[in-house]
Amino acid sequence: MAGCTADPKPAATPAGGTPTPGGTSSTAPASADGVQHSPNARLVANVPLSKPFDGEHALGSDLAFQGDFAFVGNFQGFTIVDISDPAKPKVVTRVVCPGSQNDISVSGNLLFLSVDEPRDGDTCTSGDGDPAEGWEGIRIFDISDKTKPRYIKSLATDCGSHTHTLVPGKDASKVYLYISSFGPLSGPHCAPPHDSIAVVEVPVQNPAQAKVVSQPVLFHDGEDDSKPGATSGCHDITVYPEKDLAAGACIGNGILMDISDRAQPKVLQQVIDTENFSTWHSATFSNDASRVIFSDELGGGMSPTCDAKTGPLHGADAVYDITADRKLKRRGYFKIPRYQTATENCVSHNGSLIPVPGKTILVQGWYQGGVSVADFTDPDHPKEIAYVDRGPVDPDGGEPRIAGSWSAYYYNGYIYSSDMTKGLDIIAIDDPLTDPAKPVRMDELNPQTQVSYPE
């Protein structure tokens with residue numbers, strides 16, 4: 001779903017050993033619906049896709065949270081779910097507003113959606129548009145009434161908005177959006193090299209006045225995208241506003257940025273990994289911002305890369321130290337230790353920290369590889385400590401289908417997974433390593449906008 005594909009490369013021999021079929025050493029029996037899980041994790045509830053999000057193209061995407069509500073992106077719009085009782089979630093409303101991927105974030109009374117496909121207009125009733133002239137960009141909603149979200153404004157951005165990252169301003173009067181977009185590069189506003197992001201400024205009290213305030217160029221490698229580490233834009237950016245830092249996963253490389261000037265982020269360093277990384281997809285900082293974990297979406301999310309042939313170093317996570325002079329230094333790799341079938345698209349995707357004091361523990365979606373919880377506290381030897389895996393959508397070995405956990409995030413005591421075809425999964429984890437996170441409470445969570453938790 002990243003919009004690009006790559007053939008798996010032969011795997012190198014891992015320093016920490018080879019994954020084995022069956023995965024985590026202790027596995028509980030499958031539940032009645034075939035869900036496999038480790039003994040310390042279990043699926044407690046599911047909000048299935050249902051009308052009007054029950055068609056072939058109504059795929060679940062990213063998540064955001066606020067108070068007792070989860071906001072679930074979908075290629076056909078978004079859903080607001082009441083999670084005040086996580087074991088009995090209730091749909092508040094479903095808003096039909098088609099546009100790939102409808103990457104989602106919330107801030108106060110505002111909700112933002114990314115649209116990365118040409119539409120024949122900017123409204124929620126728009127249809128497919130002309131590739132060269134169609135509208136794509138950001139839509140803004142008022143969610144002060146959760147039962148009746150109100151569409152406020154749209155804003156076109158060059159090359160659309162594959163993802164966006166919400167960045168709080170230095171004061172409460174403004175928020176910013178970093179718009180990440182990349183290929184296919186076509187049309188008058190998306191010609192290569194598209195090595196920039198758009199920065200949108202949103203006045204909180206007057207969001208209809210939102211505007212693009214800058215378009216910083218992050219890379220200066222010219223039009224030759226065939227060179228190792230060359231990029232045609234960023235896929236995703238994670239910001240850590242308290243630290244004035246951002247980490248960008250930018251297709252061909254990973255970058256570290258200074259965002260002390262919110263409207264003019266500056267690249268501090270970029271790193272490449274031509275040996276093991278294919279499509280730099282997302283990033284997560286450690287709580288103390290001493291490290292960053294990058295993911296590689298080998299195969300664009302469409303391929304079955306969790307197998308022996310692909311190996312443990314491709315389609316994986318990589319850990320980088322952030323040195324005292326703000327440089328990135330690579331440490332270890334992590335990949336789920338359970339081989340998947342040839343019909344299961346599986347690769348590292350979106351995740352967030354579980355707020356355990358003194359630890360770096362990441363929960364992460366792996367498409368049909370399921371939801372994995374891994375301990376990265378030892379950056380050279382990360383290891384899985386829990387998982388929930390629904391198994392193949394097509395267990396009879398038919399044609400591969402895009403499915404599985406797009407995003408998995410920890411919020412106020414539970415893990416929430418946006419399964420592309422099954423809906424919103426709510427997962428409980430009970431483990432001595434993660435239990436210290438249970439008292440931590442947040443009022444709002446946009447996972448690409450990191451906030452610190454108490455150490």
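Start by selecting strand 24 and strand 25, which make a hairpin with 5 residues between them. Click on Tyr367 in the turn: its phi is positive, at about 50 degrees. Keep in mind as you go that this is a predicted model.

**Along the hairpin**

Now colour residues 361–365, which are strand 24; 5 bridges join this strand to strand 25, and the two run antiparallel. For one of the pairings, pick Gly365 and look across to Val371 in strand 25, its bridge partner.

Stay on strand 25 and show its side chains. Is this strand mostly covered or mostly open? It is mostly covered, with 5 of its 5 residues buried. Turn the view to look at each face of strand 25: on one side you will find Val371, Val373 and Asp375, and on the other Ser372 and Ala374, all of them buried.

**On to the next strand**

Ser372 stands opposite Tyr387 in strand 26, and Val373 has Ala386 in strand 26 as its bridge partner.

**Now the cysteines**

A disulfide is a covalent bond between the sulfur atoms of two cysteines. How many disulfides does a search of the whole structure find?

*Stop one: Cys97 and Cys124.* The sulfur atoms of Cys97 and Cys124 are 2.0 Å apart. The angle about the S-S bond is -80 degrees, making this link left-handed. Cys97 is in the loop between strand 6 (90–96) and strand 7 (101–107), while Cys124 is in the loop between strand 8 (110–115) and strand 9 (137–142), so the pair ties together parts that are 27 residues apart in sequence. Cys97 counts as buried at 0% relative accessibility. Cys124, at 17%, also counts as buried, because the cut-off is under 20% relative accessible area.

*Stop two: Cys234 and Cys250.* Here the sulfur atoms of the disulfide are 2.1 Å apart. With 70 degrees about the S-S bond, the link of Cys234 and Cys250 is right-handed. The pair links distant parts of the chain, 16 residues apart: look for Cys234 in the loop between strand 14 (211–214) and strand 15 (236–240), and for Cys250 in the loop between strand 16 (245–249) and strand 17 (254–258). Cys234 is buried, with a relative accessible area of 1%, and Cys250 is buried with 0%.

*Stop three: Cys306 and Cys346.* Select these two and you will see a disulfide with its sulfur atoms 2.0 Å apart. The link of Cys306 and Cys346 is left-handed, with -75 degrees about the S-S bond. This pair, too, links distant parts of the chain, 40 residues apart: Cys306 sits in the loop between strand 20 (291–296) and strand 21 (317–322), and Cys346 in the loop between strand 22 (328–334) and strand 23. Both Cys306 and Cys346 are buried.

Technical notes
Residues numbered from 1 in each chain as written. Predicted model: local features only at pLDDT ≥ 70, side-chain atom pairs only at ≥ 80, totals over all residues. Heavy atoms only, no water. Pairing = 2+ DSSP bridges. Helix = DSSP H or I, 4+ residues; strand = E, 2+ residues; numbered from the N terminus. Buried < 20%, exposed > 50% of the residue type's maximum accessible area, 1.4 Å probe, protein only. Disulfide = S-S within 2.5 Å.
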